[in-house]
There are 2 protein chains.
Amino acid sequence: MQFELTTTILDSLKEAIEQKNQLFLKEQLSDLYAPDIAIIINQLNISDAAYLYELLDDDIAPDVLLELDDDTRENLLATFSSKEIAEQLDNMDSDDAADVIAELPENIQDEVLSHIEDIEQASDIAELINYDEGTAGSLMAKELVSVYAFETVTACIEEIRKQTDNVEVMYAVYVVDNDQRLIGMLSLKKLIISHPLARVEEIYEPDIQFVRTNTTTYEVAEFMQKYDLVVLPVVDQLGRLMGRITIDDVVDVITETADENIQRMSGISDDVDSNDKLWVLSKARIPWLLVGMCGGIVGSRIIGSYEEQIKIHPEMAFFIPLIGAMGGNVGVQSSAIIVQGLANNTVISDKIAPKLIKELGVGLINGLICASIIWCYAFLIEDWKLAATVSIALLTVILCASFLGTFVPLTLNRFKINPALATGPFVTTLNDIIGITIYFLIGRLLYAFF
Amino acid sequence: MQFELTTTILDSLKEAIEQKNQLFLKEQLSDLYAPDIAIIINQLNISDAAYLYELLDDDIAPDVLLELDDDTRENLLATFSSKEIAEQLDNMDSDDAADVIAELPENIQDEVLSHIEDIEQASDIAELINYDEGTAGSLMAKELVSVYAFETVTACIEEIRKQTDNVEVMYAVYVVDNDQRLIGMLSLKKLIISHPLARVEEIYEPDIQFVRTNTTTYEVAEFMQKYDLVVLPVVDQLGRLMGRITIDDVVDVITETADENIQRMSGISDDVDSNDKLWVLSKARIPWLLVGMCGGIVGSRIIGSYEEQIKIHPEMAFFIPLIGAMGGNVGVQSSAIIVQGLANNTVISDKIAPKLIKELGVGLINGLICASIIWCYAFLIEDWKLAATVSIALLTVILCASFLGTFVPLTLNRFKINPALATGPFVTTLNDIIGITIYFLIGRLLYAFF
């Protein structure tokens with residue numbers, strides 16, 4: 001049911017492009033939806049991509065443009081004239097058109113805007129590109145149905161009829177006062193069952209949720225998810241209705257946030273994807289690798305201070321990786337649970353103590369299980385002293401890691417820093433160092449006294 | 001703008017509940033939306049929760065019930081009679097009602113159904129609870145507007161009027177043939193601009209995307225996201241229209257999937273949250289800890305086989321944590337990029353070679369940077385032999401980890417196993433072992449020959 005691009009399909013398309021076999025290409029593309037065609041074009045070099053894009057029907061071409069990777073779109077648009085770009089933007093929703101135009105070089109933006117035939121569309125786009133990226137203003141669309149409180153139901157329906165251009169889904173009707181300030185909404189049901197001459201002010205719902213143009217997209221996403229909203233009006237500082245955000249736009253924000261969190265957790269510092277250039281990928285990854293290196297060097301100094309002991313008891317060295325790895329694993333587990341709880345609002349952020357106690361409880365259970373197993377193993381393979389050292393150290397390390405894994409993300413969150421950072425290499429590196437310190441400290445004590 | 005529950009608010013509510021201060025409680029709750037009230041109730045003990053729930057207005061109570069944590073809802077419903085539960089379900093959307101009833105003990109389900117007054121709602125719920133969890137059938141709602149192809153526009157609008165019960169958003173109108181098979185859809189615009197006596201068959205859009213009742217919710221989410229759909233019809237094996245899924249239901253699937261992936265990456269094997277019981281949390285985490293333990297034990301055996309060398313060159317032991325940690329970090333970075341590419345369709349899954357080469361390229365750049373730094377450090381602190389060992393081993397380990405981090409998730413994906421598993425403790429443990437092996441191998445060679 002869903003199209004999947006294989007190397008075979010891609011090769012046959014590339015061959016057809018080389019032979020300029022338009023008939024074959026058009027036939028292949030006719031069955032596909034815009035996102036599928038975009039996936040194909042993303043894989044082509046720029047001249048092939050431009051050739052294929054030229055073949056697309058006018059009604060699907062703008063959608064394909066929107067679905068392309070940022071890089072591919074940028075390269076493709078660079079081959080277009082300002083007038084050609086304007087033609088593509090004319091048929092897009094205002095928010096999508098604004099996204100595309102915002103990516104263009106600034107000197108071209110005005111030229112493209114001047115070529116857009118629909119003057120209202122042009123002014124909507126011009127307004128939208130002024131909002132900062134990452135704000136509700138940049139996410140909203142201007143297409144909405146709004147009515148004045150003094151209007152009648154009949155006038156309302158006429159307004160809807162005018163504004164219902166090509167929409168499959170009809171969202172709420174917003175009610176504004178004479179100064180364009182949002183004062184409520186009107187459900188479709190109310191509109192249909194009310195008397196045609198009833199006034200909007202008699203039937204509208206004044207209790208309405210909204211955000212401001214400068215609310216962050218992250219907050220918008222959280223808000224719409226929490227309150228199960230499919231559409232959310234956006235107002236400016238004066239409370240005037242400026243646009244509306246629909247849940248499908250927010251879905252992109254949600255997946256991007258999730259992707260970003262996974263990248264932070266994995267020690268990748270910028271937002272990259274596998275199609276980015278080699279050096280972009282390298283640059284995004286090197287910072288946390290260097291942090292890991294520093295951690296490793298600190299670790300080497302700690303172990304170095306026990307050099308004499310290692311000469312006498314080289315078996316101490318055997319369990320260094322185990323202690324380090326377990327501290328890291330437990331820390332990541334604890335912090336993942338807390339980070340998720342914070343994101344889903346199941347953790348009250350000012351109630352740290354109960355969470356810490358619970359995590360320490362889990363750490364104690366799992367720590368005792370792991371410590372018992374390693375005791376048996378080390379006792380059988382080596383001697384009781386090493387067994388005691390490793391198992392006591394392991395339990396202590398697991399408890400420490402549980403504590404840090406809970407405490408660090410909760411603290412970061414208090415200071416409004418993304419707690420996902422804590423679930424990554426940071427907590428792993430920290431636990432590595434603490435683990436080794438505890439291990440050798442316990443080892444020295446045990447070997448010294450017994 | 002958004003409500004945040006603090007300990008102060010919670011304590012004042014608890015006190016008011018104890019004093020049965022209904023006036024204060026009702027006033028506090030009247031300003032809040034259902035999800036906020038649910039967050040409060042989740043934090044109360046069951047008798048307090050039941051007391052507070054009783055105080056809610058009838059029009060908000062079912063919404064609050066839906067937003068509660070699974071455990072809290074289960075406990076709360078256990079204090080209700082079947083008739084009371086039925087009253088709550090009567091005003092819910094069919095899909096939400098089915099979700100609630102599916103959680104009840106089986107012997108109570110039929111009793112509750114028999115108490116639902118709206119017979120159509122009862123039969124819709126009865127149908128929906130039969131679909132397996134995790135399928136489109138379990139996700140869909142029965143509330144939709146469908147018309148026959150032979151009907152007129154006027155009849156259509158009448159049908160919409162009848163079915164538009166309390167909806168704020170009007171989704172597409174579906175067109176079915178005489179056997180209830182889905183054959184297309186009708187946009188609202190078409191409906192409004194067409195002649196009242198025009199027949200649906202003359203104006204409908206036959207090109208429509210749909211899923212089957214047994215499609216997995218994961219596929220539904222991917223499908224709706226990819227094709228930017230806000231609503232998607234669901235058909236049975238015979239192509240009959242059974243229900244519709246809206247994007248807001250899918251948002252929950254998307255966040256759950258993202259949460260699940262983060263848990264897999266963090267070495268948590270079941271879907272848990274921080275409010276789960278101690279032993280549930282422990283059980284979900286112990287499996288990967290044991291895997292990590294086994295990895296640690298294997299590591300100890302490998303290091304153990306170099307015992308004599310460590311006695312002579314204890315400085316070899318210093319860099320064990322560094323080598324292990326760096327292998328783990330690089331592996332996690334590589335696999336996170338690939339897992340994300342697979343999820344977002346920017347990686348063609350049958351094209352492994354180019355990805356591997358690129359990842360090795362990134363590994364080479366970052367590996368050379370890290371290896372040079374550690375060379376300088378180890379040369380200054382120790383000697384050139386150790387410096388050579390550590391830096392050569394580090395470069396090799398980073399390249400290996402890049403390779404495994406790319407290869408393992410791509411391979412798992414081919415065999416339809418969730419590649420996120422590979423980004424977690426699995427790849428860390430594997431890289432730990434491989435790293436130590438390479439390190440000591442290179443060390444032995446260098447010390448033996450020079």
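How many residues of chain A are in contact with chain B? In this predicted model, local features need pLDDT of at least 70 and side-chain atom pairs count only at pLDDT 80 or more, while totals for chains, interfaces and linings use all residues. Residues are numbered from 1 along each chain as its sequence is written, and chains are lettered from A and ligands numbered from 1 in the order in which they are written.

The contact involves 105 residues of chain A and 105 residues of chain B, two residues being in contact if their C-beta atoms, placed from the backbone, lie within 7 Å. On the side of chain A that touches chain B, the most is given by helix H17 (residues 278-304), with 16 residues; helices (H or I, at least four residues) and strands (E, at least two) are DSSP runs, numbered from the N terminus.

Within chain A, strand S2 (residues 173-176) runs parallel to strand S1 (residues 145-148), joined by four bridges; strands pair if DSSP finds at least two bridges between them. A:Val147 has A:Val175 in S2(A) as its bridge partner. S2(A) also pairs with strand S3 (residues 182-186) of chain A, in the antiparallel sense and over four bridges, and A:Val176 is bridged to A:Leu182 in S3(A). Five residues separate S2(A) and S3(A) in a hairpin, and A:Gln180 in the turn has a positive phi of about 70°.

In a regular strand the side chains alternate between the two faces of the sheet. In S2(A), A:Val173 and A:Val175 on one side and A:Tyr174 and A:Val176 on the other are all buried, that is, 20 or more other C-beta atoms, placed from the backbone, lie within 10 Å of their own.

Methods: A residue is buried if 20 or more other C-beta atoms lie within 10 Å of its own, exposed if 12 or fewer, and partly exposed in between; C-beta atoms are placed from the backbone.
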